[in-house]
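Please prepare a short briefing on the aromatic residues, nonpolar cores and surface of the structure shown here.

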Amino acid sequence: MAAVSVANAFRRDRVGVLSLAVVGFFVLLAVAAPLITAVYGRNPTEHYGQTETGLLSPEGLPVLPNGGMSAGHWFGIEPGLGRDVFAQLLYGIRTSLLIALVSAAVVAVTGVVVGVTVGYLSGLVDRAFTFVCNVLLAFPALLLLLTLGPVIQTRFVGPGENEPAWMQFTVLVLVFSAFGWVPLAMVLRTVVRSLREREFVESARALGADRRHIVFRELLPNVWAPVLVHVTLAVPALVTAEAALSFLGVGISEPIPDWGRMISRGAEVFYDDPTYMVFPGASLFVFVLAFNLLGDAVRDALDPHAVR
């Protein structure tokens with residue numbers, strides 16, 4: 001019944017339903033990117049400025065107006081390399097979503113395990129948890145991400161070699177997860193500390209239930225709402241963080257398509273070809289805005305005191 005009431009409350013939120021549709025559309029594009037590009041006849045890595053004559057000027061700029069938009073290249077081509085912008089956008093969604101969703105999943109699992117455990121045990125464990133959280137919250141996560149790239153490049157990758165794609169993804173996921181679980185764990189600790197004194201938990205103890213039963217059967221089913229809200233709001237933040245790092249040159253590197261790097265390249269050629277920045281910038285804006293609005297709608301639907 002609770003799930004039905006939440007679903008009904010969400011359906012009454014028109015902004016939330018529209019945001020869900022937009023997010024679903026982006027996810028569908030990401031999943032179907034190989035099929036779409038196969039039908040489209042373009043891929044995100046081929047340099048069409050070299051294989052097709054008349055697309056780029058001697059200066060490397062698209063010859064056709066609006067960034068080279070045509071029937072063969074719907075969103076134009078990249079200045080300099082001549083790669084198809086539409087194909088890059090599709091695969092850029094996959095890059096951002098993969099990193100964000102995997103990081104959010106690791107954050108959710110870590111935050112639930114740590115937050116529920118600390119909230120239930122309290123005492124010395126709680127004091128140690130508070131100290132670790134204060135250290136991690138004070139640590140400059142962006143600085144760590146900026147310095148990890150060159151360190152890994154010199155330590156694990158040979159001179160002149162490109163960092164493997166799996167290594168780039170793994171580093172981003174690990175760093176995002178290492179700092180991202182703290183807010184969720186702190187919220188769940190507070191929730192569990194209030195729940196462990198409730199009547200249903202006391203009844204379970206009186207009936208002889210052990211800690212495992214209390215945690216998995218009594219506490220965990222009552223913390224899914226803040227976890228869902230946190231994950232829904234964390235994904236767009238992770239997408240933005242990943243794009244920002246690629247913009248700064250320490251995120252996902254060539255030749256993997258990435259929105260942040262496209263925006264960085266667009267900033268370099270903005271005065272000569274402003275169209276190239278429009279599509280990745282608008283895509284990132286719409287996706288993050290829709291996901292944030294979806295997170296707000298989910299939070300309102302799960303809040304029993306929200307004004308309907």
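Ring pairs join Phe 25, Phe 26, Trp 259, Phe 287 and Phe 291 into a cluster, where rings of Phe, Tyr and Trp (its six-membered ring) pair if their centres lie within 6.5 Å, with planes under 30 degrees apart counted as stacked, over 60 as edge-to-face and the rest as tilted. The model is a predicted one, in which local features need pLDDT of at least 70 and side-chain atom pairs count only at pLDDT 80 or more, whereas totals for chains, interfaces and linings use all residues. Residues are numbered from 1 along each chain as its sequence is written, and side-chain values use heavy atoms, with hydrogens and water left out.

**Overall architecture**

- The chain has 14 helices and zero strands, helices (H or I, at least four residues) and strands (E, at least two) being DSSP runs numbered from the N terminus.
- Of the 308 residues in the chain, 43% are buried, where buried means under 20% relative accessible area, exposed over 50% and partly exposed in between (1.4 Å probe, protein chains only).
- Among the contacts with a separation of 6 or more, 72% are accounted for by residues 24 or more positions apart, a contact being heavy atoms within 4.5 Å.

**Aromatic pairs**

- The structure holds twelve aromatic pairs.
- One of them is formed by Trp 259 and Phe 287, which are edge-to-face at 6.3 Å centre to centre with 75° between the planes.
- This pair links distant parts of the chain, since Trp 259 lies in helix α13 and Phe 287 in helix α14, 28 residues apart.
- Trp 259 counts as buried because its relative accessibility is 1%, and Phe 287 likewise counts as buried because its relative accessibility is 1%.
- Phe 270 and Tyr 271 form another edge-to-face pair, at 5.9 Å centre to centre and with 75° between the planes.
- Phe 270 counts as partly exposed because its relative accessibility is 36%, while Tyr 271, at 79%, counts as exposed.

**Nonpolar cores**

- The largest nonpolar core has 46 residues, of which Trp 259 and Phe 287 touch the most other members; such a core is a set of buried Ala, Val, Leu, Ile, Met, Phe, Trp, Tyr and Cys residues joined through side-chain atoms within 4.5 Å.
- Elements that give two or more residues to this core include α2 (14-31), α6 (85-121), α9 (165-195), α13 (259-268) and α14 (275-302), and the largest share, ten residues, comes from α14.
- Apart from its neighbours within four places in sequence, Phe 287 is in contact with Phe 26, Leu 97, Val 239 and Trp 259.
- A second, separate core of 15 residues includes Val 192, Val 201, Ala 204 and Ile 214.

**Surface**

- The accessible surface of the chain comes to about 16,200 Å², 68% of which belongs to carbon and sulfur atoms; accessible areas come from the Shrake-Rupley method with a 1.4 Å probe, and for residues only the protein chains shown count as cover.
- Val 15, Phe 285, Val 286, Leu 289 and Leu 293 make a nonpolar surface patch of about 420 Å².
- Patches are made of residues with over 30% relative accessible area and no salt bridge, like charges being joined within 9 Å and nonpolar side chains (Val, Leu, Ile, Met, Phe, Trp, Tyr) within 5 Å; a salt bridge is a side-chain nitrogen of Lys or Arg within 4 Å of a carboxyl oxygen of Asp or Glu.
- Helix α14 supplies the largest share of the nonpolar patch, four residues, whereas Val 15 is found in helix α2 and is partly exposed, with a relative accessible area of 48%.
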